[in-house]
Amino acid sequence: MSHSPVVNGLSVDVEDWFQVGAFEGVIDKDDWDSLDCRVDRNCNLILDMFARLEVKGTFFTLGWVARRHGPLMRRIVAEGHELASHGWDHARVFTMDQQLFARDLERSRKALEDAAGTRITGYRAPSFSIDHRTPWAYMALHEQGFEYSSSVAPIVHDHYGWRDAPRFAFRPLPWSGLVEIPVTTALFAGKRLAAGGGGFFRVLPYAFSRWAIRQVNRQERRPAVFYFHPWEIDPNQPRVPHAPMRSKLRHYTNLSVMADKLEQLIGDFAWGRMDMIALREARQAAELAA
């Protein structure tokens, strides 16, 4: 019996090169407005690529970016992509309490909705920073009407991770329709491997990502969740000379090959918006619970 291709979630975490977690210790947020802003240029290149390849995705966008780039937000929505929240200024959830997090959610959602004229229902925490320390985060998301989150990395990592979280979509509040859709992991020798994009996709051979997504699609019959950043297709971005060497290696490795790898990935698998993935996963969860 043949199966139709599993549609995977294609997502872009919209932040500029100076807003990443790797550089937060050497670039002050007060200096952001004085730096070379390249997010508009890079996102427009991504939109051009998606249009050429006839694929739709979700753009998880900082409120800080939305406030300054209204035409870009409107283009994202006009071309059929989903606009979703990535928080206000890339503050990790575990650095806030519930009240501060709720304000961050509200501020970012308002900036996105004002810029694009569309309702925002999806959220991704900066650096996948919802974990075992932040059980209150889902209540804040529920109270503000979000329908799904894609904020969990169910792995062990020095920068983020919730090792014991489910690998696939789950309902963090049993009485709420809110769905959490973790970023993709694959299994090898009983261990979870990060396989959802970002630096792992840039640094490792393409064959690894192809193998991992095929495993998830063909063996487990579940959608993969893939993400990348606009700055990852920009090899000419400014360098940060005083950043730690480890951060520089992670950030700058293979920038020049990222666009070509993305085109290959998009061509090899079926892709769609994260809100559509959330809808299907919510229905499946309801059927299993019935």
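Student: Which residues does Glu281 touch, not counting residues up to four places away in sequence?

Tutor: Glu281 touches Ala169, Arg222 and Pro223. Keep in mind that this is a predicted model. What puts Ala169, Arg222 and Pro223 in contact with Glu281 is that they have heavy atoms within 4.5 Å of it. Glu281 itself lies in helix α10, residues 274-289.

Student: Why is Glu281 called buried?

Tutor: The relative accessible area of Glu281 is 7%. Buried means under 20%, so Glu281, at 7%, qualifies.

Student: Gly199 sits in helix α6 (residues 198-203). Is that glycine buried, exposed or partly exposed, and what makes it so?

Tutor: Gly199 has 27% relative accessibility. Buried needs under 20% and exposed needs over 50%, with partly exposed in between. Gly199 therefore counts as partly exposed. Here is another detail about this residue: Gly199 and Thr253 are 54 residues apart in sequence, yet their C-alpha atoms are 8.2 Å apart in space.

Student: Let's turn to Asp89, in the loop between β3 and α4. Why does Asp89 count as buried?

Tutor: Its relative accessibility is 17%, and the cut-off for buried is under 20%. Asp89 therefore falls on the buried side.

Student: What makes the pairing of Asp89 with Lys29 a polar contact?

Tutor: The contact runs from side chain to side chain, at 3.3 Å. Leaving aside neighbours within four places in sequence, Asp89 is in contact with Lys29, Trp32, Leu62 and Asp104.

Student: Asp104 takes us to helix α4. How do you know that the span of α4 (residues 98-116) agrees with its number of residues?

Tutor: α4 has 19 residues, and at 1.5 Å a residue they should span 27 Å. The end C-alpha atoms are 27 Å apart, so the two values agree.

Student: What makes the buried residues of α4 line one face?

Tutor: The buried residues are Phe101, Asp104, Leu105, Ser108, Arg109, Ala111, Leu112, Ala115 and Ala116. Seen down the helix axis, they fall within an arc of 160 degrees, so they line one face of α4.

Student: What do the buried residues of α4 pack against, and what happens at the helix ends?

Tutor: They pack against β2 (58-61), α2 (63-68), α3 (70-78), β3 (82-85), β4 (122-123) and α5 (137-143). At the start of α4, a side-chain oxygen of Asp97 reaches to within 3.2 Å of the backbone nitrogen of Gln99. After α4 comes Gly117, with a positive phi near 70 degrees.

Student: How do you know that the buried residues of α3 line one face?

Tutor: In α3, the buried residues are Gly70, Leu72, Met73 and Ile76. Viewed down the axis of α3, its buried residues lie within an arc of 165 degrees, so they line one face of the helix. Pro71 and Ala78 are exposed on the face turned away from that buried side. The buried residues of α3 pack against α1, β2, α2, β3 and α4. Just after α3, Gly80 takes a positive phi of about 90 degrees.

Student: Why is β1 described as largely enclosed?

Tutor: 7 of the 8 residues of β1 are buried, so the strand is largely enclosed by the rest of the structure.

Student: What makes β1 and β2 paired strands?

Tutor: Pairing takes at least two bridges, and 4 bridges join β1 (residues 7-14) to β2, so the two count as paired, and they run parallel. One of the bridges links Ser11 with Thr58, and Val14 has Thr61 as its partner in β2. Thr61 also has Ser85 as a bridge partner in β3, and β2 is joined to β3 by 4 bridges, again in parallel.

Student: How is β2 covered on its faces?

Tutor: Thr58 and Phe60 on one side and Phe59 and Thr61 on the other are all buried, covering both faces. With β1 and helix α1 (residues 39-53), β2 makes a right-handed β-α-β unit.

Key: Residues numbered from 1 in each chain as written. Predicted model: local features only at pLDDT ≥ 70, side-chain atom pairs only at ≥ 80, totals over all residues. Heavy atoms only, no water. Expected span 1.5 Å × (residues − 1). Buried < 20%, exposed > 50% of the residue type's maximum accessible area, 1.4 Å probe, protein only. Arc of directions from axis to C-beta. Polar contact = N/O pair within 3.5 Å; in protein donor to acceptor, adjacent residues only side chain to side chain. Right-handed = clockwise from strand over helix to strand, strands pointing away.
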